[in-house]
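Please look over the ligand site and the pockets in this model. My notes are below.

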Amino acid sequence: MRAKFITLEGMDGAGKSTHIPNIIAALKARGLEVVSTREPGGTALGERLREMLLHETMHAETETLLMFAARREHIANVIAPALARGACVLSDRFTDATYAYQCGAKGVLAAKIEMLEQWVQEDLQPDLTLLFDVPVEVSMERLSSARAPDKFERESAEFFTRIRHAYLQRARENPARFRVIDASRPLEEVAKTVEDIIATL
Ligand code: TYD
């Protein structure tokens, strides 16, 4: 298996982060170096931008620009070097989240995001994107029983519905890269699906 760039996506409360340790273990068991990272974040500067992005109110385009600023730093310092040395990169969110949240939910024009994507990523795209899909009620229910919500997690059901639809549309537009996982099922079943997908890489 050659080095792969794998991203995890889904609404807040979909439970994607729970599966990260298992995915890392499965990849390592195959002798791969794994770099596990997240967006926004992944670098010292990116984590400072994350603090602002998650807790400060700002124009949706400012948010988009800061997401891509953090992403530029992340690619230059973490993702590209890791892929170049043959490591696998597992990122908890990447550009599909910008299409889902800033475009789908907040109305930033897709054409503007495409420009930034081209600028910041050039040819870099994930090889595999696992989309943890849950109905909005399930995600909101899970969030309400979790820790104190950040800015995004305090949004309305309509906001989350737009995110879900935007993610599913991204999946339909990029079928070779996406695997849509029904994450409303019991955790062990979802974990088994994830394991099966990783095993086919
Ligand atoms: P998340 O990945 O859910 O982390 P945690 O599990 O610690 O809450 O939080 C990141 C938030 O940032 C999430 O609400 C989605 C949002 N986000 C965007 O709006 N656009 C983006 O491009 C990215 C990467 C994240």
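1. Basis. This is a predicted model, where local features need pLDDT of at least 70, side-chain atom pairs count only at pLDDT 80 or more, and totals for chains, interfaces and linings use all residues. Numbering runs from 1 along each chain as its sequence is written, and side-chain values use heavy atoms, without hydrogens and water.

2. Shell. The ligand is surrounded by 17 residues (a heavy atom within 4 Å). Asp12, Arg93, Thr98, Gln102 and Arg147 are the closest. By class, nine are charged, six nonpolar and two polar (Ala, Val, Leu, Ile, Met, Phe, Trp, Tyr, Cys and Pro count as nonpolar, Asp, Glu, Lys and Arg as charged, the others, Gly among them, as polar).

3. Polar side-chain atoms. Ligand oxygen atoms lie 2.8 Å from a polar side-chain atom of Asp12 and 2.7 Å from one of Arg93. For Thr98, a side-chain N or O atom is 2.6 Å from a ligand oxygen.

4. Largest pocket. The ligand takes up the space of the largest pocket. About 600 Å³ of space lies there. Its lining has 32 residues, with Asp12, Lys16, Arg50, Arg93 and Glu153 nearest the centre. α4 gives the most to this lining, four residues.

5. Second largest pocket. This one holds about 160 Å³ of space. Its lining includes Tyr99, Cys103, Glu114 and Arg170. α7 (157–173) is among the elements that supply at least two residues, and α7 gives the most, four.

Technical notes. Polar contact = N/O pair within 3.5 Å; in protein donor to acceptor, adjacent residues only side chain to side chain. 1 Å grid on protein atoms, 1.4 Å probe; cavity = no way out; pocket = protein on both sides within 12 Å on 5 of 7 lines; lining within 4 Å. Sits in = over half its atoms within 2 Å of the grid points. Points joined across faces, edges and corners; volume = space filled by probe spheres on them.
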